[in-house]
Amino acid sequence: MNIQIFGTKKSQDTKKAERYFKERGIKFQAVDMKEKGISKGELQSVLSAVGDLEEMLDEKTKDQETYQLIRYLAKEDKFLKVLEHPMVLKQPIVRNGKQATVGYCPEIWKTWD
C-alpha cells in the first residue's frame with residue numbers, strides 16, 4: 001500500500017485517519033493541505049476515484065464564501081477554483097494508488113490491499 005493522507009492538523013477526522021493506519025502498522029505520508037495544498041494531478045486522481053467534485057466539497061467549511069462561489073460556477077471552472085482553495089474539500093482525503101476516499105471511511109480502507 002502507498003497511502004497518502006491529505007488534511008490539516010486541526011481536522012479531527014484527519015487525526016482519526018492517521019490513527020487508523022498507525023494502529024494497523026500501515027505506513028502513510030501525511031500532507032498538510034494548509035501548507036502544501038493538493039496538486040492538480042493528485043486532485044485529478046482523487047476525482048477520478050470519487051467520481052464527483054460536488055461530493056468532495058465540505059458544506060461546513062470555514063470558507064463559506066468560496067464554497068458558495070464554487071457551487072455556482074460552471075463545471076469546467078470548479079476544478080481550478082478548488083485547486084486555488086483546497087480548504088473547501090472534505091477532510092481527510094486518503095489515496096492508495098488509484099483508489100481514494102474523501103472523509104473518514106475505515107470500512108473502505110479495510111478492503112484495500
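Which residue in β2 does I3 stand opposite? I began with this question in the predicted model, and I found that I3 stands opposite F28 of that strand.

Next I looked at how β1 is placed among its neighbours. I noted that β1, residues 3–7, pairs with β2, residues 28–32, in the parallel sense, and that five bridges hold this pairing.

I then checked how far β1 is covered, and found five of its five residues buried. I3, I5 and G7 point one way from the strand, while Q4 and F6 point the other way, and residues on both sides are buried.

My last entry concerns the aromatic rings. I counted five aromatic pairs, one of which is formed by Y20 and F21, edge-to-face, with 5.1 Å centre to centre and 85° between the planes. Both Y20 and F21 are buried. I saw that ring pairs link Y20, F21, F28, Y104 and W109 into a cluster, which brings me back to F28, the residue that I3 faces across the strands.

Finally I looked for charges over these rings, and I recorded R24 over the face of Y20, at 3.7 Å from the ring centre, and the charged end of K16 over the ring of Y104, 4.5 Å from its centre.

Terms used. Residues are numbered from 1 along each chain as its sequence is written. This is a predicted model: local features need pLDDT of at least 70, side-chain atom pairs count only at pLDDT 80 or more; totals for chains, interfaces and linings use all residues. Side-chain values use heavy atoms; hydrogens and water are left out. Rings of Phe, Tyr and Trp (its six-membered ring) pair if their centres lie within 6.5 Å; planes under 30 degrees apart count as stacked, over 60 as edge-to-face and the rest as tilted. Buried means under 20% relative accessible area, exposed over 50%, partly exposed in between (1.4 Å probe, protein chains only). A charge sits over a ring if NZ of Lys or CZ of Arg is within 6 Å of the ring centre and within 35 degrees of the ring normal. Helices (H or I, at least four residues) and strands (E, at least two) are DSSP runs, numbered from the N terminus. Two strands pair if DSSP finds at least two bridges between them.
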